[in-house]
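Here is a quick tour for anyone meeting this protein for the first time. Have a look at the sequence and the model, then read on.

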Amino acid sequence: MANKKIVFTGGGTAGHVTPNIAIMNPLRESGWDITYIGSKNGIEKEIVEKENVPFYGISSGKLRRYFDWKNFSDPFRILKGVGEAYSILRKLRPVVVFSKGGFVTVPVVMAAKLLKIPVIIHESDITPGLANKIATKFATRIFVTFEETAKYFPLEKVLHTGSPIRKELFEGNKVEGKAILGLHENKPIITIMGGSLGARKINETIRESLDILTNSYQIVHLTGKGNVDESLMHVRGYKQFEYISSELPDVLAATDFVISRAGANSIFEFLALRIPMLLIPLSKNASRGDQILNAKSFRKKGYAQVLMEEELTKESLLLNLDSLVSESEVFLHAMEQTSTQNTVDLIVDEITYYSR
């Protein structure tokens with residue numbers, strides 16, 4: 001294949017970007033020319049540019065299921081984005097566009113359809129987001145993380161692939177992780193992750209519980225940007241970080257248990273790494289409820305303990321954590337039964353096929 005150009009798109013949260021990176025790396029190794037289209041001011045710009053991938057920012061409007069005055073102006077921003085994406089794609093002439101979701105992807109997949117460029121989309125959650133529902137009309141192929149998701153898409157387009165996981169996550173070193181964290185006591189390490197933007201209620205409850213938690217565990221707390229509590233910097237057995245990037249594989253290798261939101265990409269990473277997890281999904285008051293469905297699916301399959309945010313207190317946190325730890329062998333056994341199919345290789349093969 002002479003033309004090995006591909007454009008990736010996806011944004012709004014890190015969860016719409018990191019799976020793209022997992023796919024981009026092996027494509028780059030096999031000679032693909034990779035470009036990324038995202039929103040001008042989104043989190044994706046910073047993440048992608050660290051990967052040394054050319055980035056183009058376009059206008060994008062938010063798609064809402066509720067009334068907002070911006071619903072009248074955002075369609076014009078989307079149309080502007082379609083024009084910008086059309087110009088970029090016509091100049092780049094990729095053989096395929098890969099879309100991970102988020103509002104910025106809608107103009108890109110529409111422009112790709114106008115230019116007759118094959119579009120592949122990937123849906124992480126059990127129920128598709130609004131952006132991917134719209135993108136379905138323009139998609140050549142649709143990949144899904146959960147088997148349960150296939151029913152929401154045209155059967156002739158859909159393929160269950162699982163979640164693409166970065167190869168480097170499997171290359172972490174436990175000893176290095178403990179050295180990075182400065183945690184060397186003979187106590188299990190619990191890593192708390194609230195997503196790329198953090199999670200206020202989880203952060204507050206963890207800090208309320210520190211006196212009890214640090215008796216039995218060593219705590220790694222990824223607080224989200226701007227959420228480090230300076231007054232707790234010297235608590236023994238408690239380490240805070242806004243986020244961790246390049247050191248994450250080593251930190252996860254040293255981690256015995258995870259307390260986390262229930263974003264699909266993260267929980268499939270924990271599953272692949274065989275780390276028992278306590279999931280606290282984002283409440284329906286603050287989301288469309290996709291994390292709740294993700295968490296319930298993992299609980300049903302025996303991969304995770306689940307605590308709803310509305311029920312989160314110091315007492316319920318400690319009770320659920322104790323249950324997770326005492327039943328950890330049961331969770332690990334269920335995880336060991338999962339398929340070890342290489343999602344990234346499968347997706348790369350499909351991309352190659354549709355770009356012929």
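In strand 3 (residues 55–58), G57 is the bridge partner of G38. This is a predicted model, where local features need pLDDT of at least 70, side-chain atom pairs count only at pLDDT 80 or more, and totals for chains, interfaces and linings use all residues. Residues are numbered from 1 along each chain as its sequence is written, and side-chain values use heavy atoms, with hydrogens and water left out. Strands 2 and 3 run parallel, joined by 4 bridges; two strands pair if DSSP finds at least two bridges between them. To get from strand 2 to strand 3, the chain passes through helix 2 (residues 43–50), and this β-α-β crossover is right-handed. Right-handed here means that, with the strands pointing away from the viewer, the path from the first strand over the helix to the second runs clockwise. Helices (H or I, at least four residues) and strands (E, at least two) are DSSP runs, numbered from the N terminus.

Strand 2 also has strand 1 as a partner: the two run parallel, with 5 bridges joining them. One example is F8, whose bridge partner in strand 2 is Y36. Together with helix 1 (residues 18–29), strands 1 and 2 make a right-handed β-α-β unit. How many residues of strand 2 are buried? In strand 2 (residues 33–39) 6 of the 7 are, so it is largely enclosed by the rest of the structure. Buried means under 20% relative accessible area, exposed means over 50%, and partly exposed is in between (1.4 Å probe, protein chains only).

## K5 and R93

K5 sits in strand 1 (residues 5–9), and its 32% relative accessibility makes it partly exposed. Leaving out residues up to four places away in sequence, K5 touches W32, D33, L92, R93, P94, V95 and V96, a contact being heavy atoms within 4.5 Å. The side chain of K5 also reaches the backbone oxygen of L92 at 3.3 Å.

R93 counts as exposed, at 57% relative accessibility. Its phi is near 55 degrees, a positive value in a residue other than glycine. Most residues other than glycine have a negative phi.

R274 is another residue other than glycine with a positive phi, near 60 degrees. You can find R274 in the loop between helix 10 and strand 12.

Which side chain makes a polar contact with the side chain of R274? That of T338 does, at 2.9 Å. A polar contact is a pair of N or O atoms within 3.5 Å; within protein, one must be able to donate a hydrogen and the other to accept it, and residues adjacent in sequence count only if both atoms are side-chain atoms. T338 is in the loop between helix 13 (328–336) and helix 14 (343–354), and T338 is buried, with a relative accessible area of 13%. A polar atom of the T338 side chain also lies 2.6 Å from the backbone oxygen of M335. Apart from residues up to four places away in sequence, T338 touches L271, R274 and Y303.

In helix 11 (residues 290–300), the buried residues are D290, Q291, I292, N294, A295, S297 and F298. These pack against helix 10 (264–272), strand 12 (277–279) and strand 13 (304–306). Just after helix 11 comes G302, with a positive phi of about 85 degrees.

Helix 7 (residues 200–208) has I202, N203, T205, I206 and R207 as its buried residues. Among the elements they pack against are strand 8 (189–193), helix 8 (210–216) and helix 12 (314–326).

## The whole chain

Stepping back, the protein chain has 14 helices and 13 strands. Buried residues make up 54% of its 356 residues. Along its principal axes, the C-alpha trace spans about 60 × 45 × 35 Å. Of the contacts with a separation of 6 or more, 63% come from residues 24 or more positions apart.
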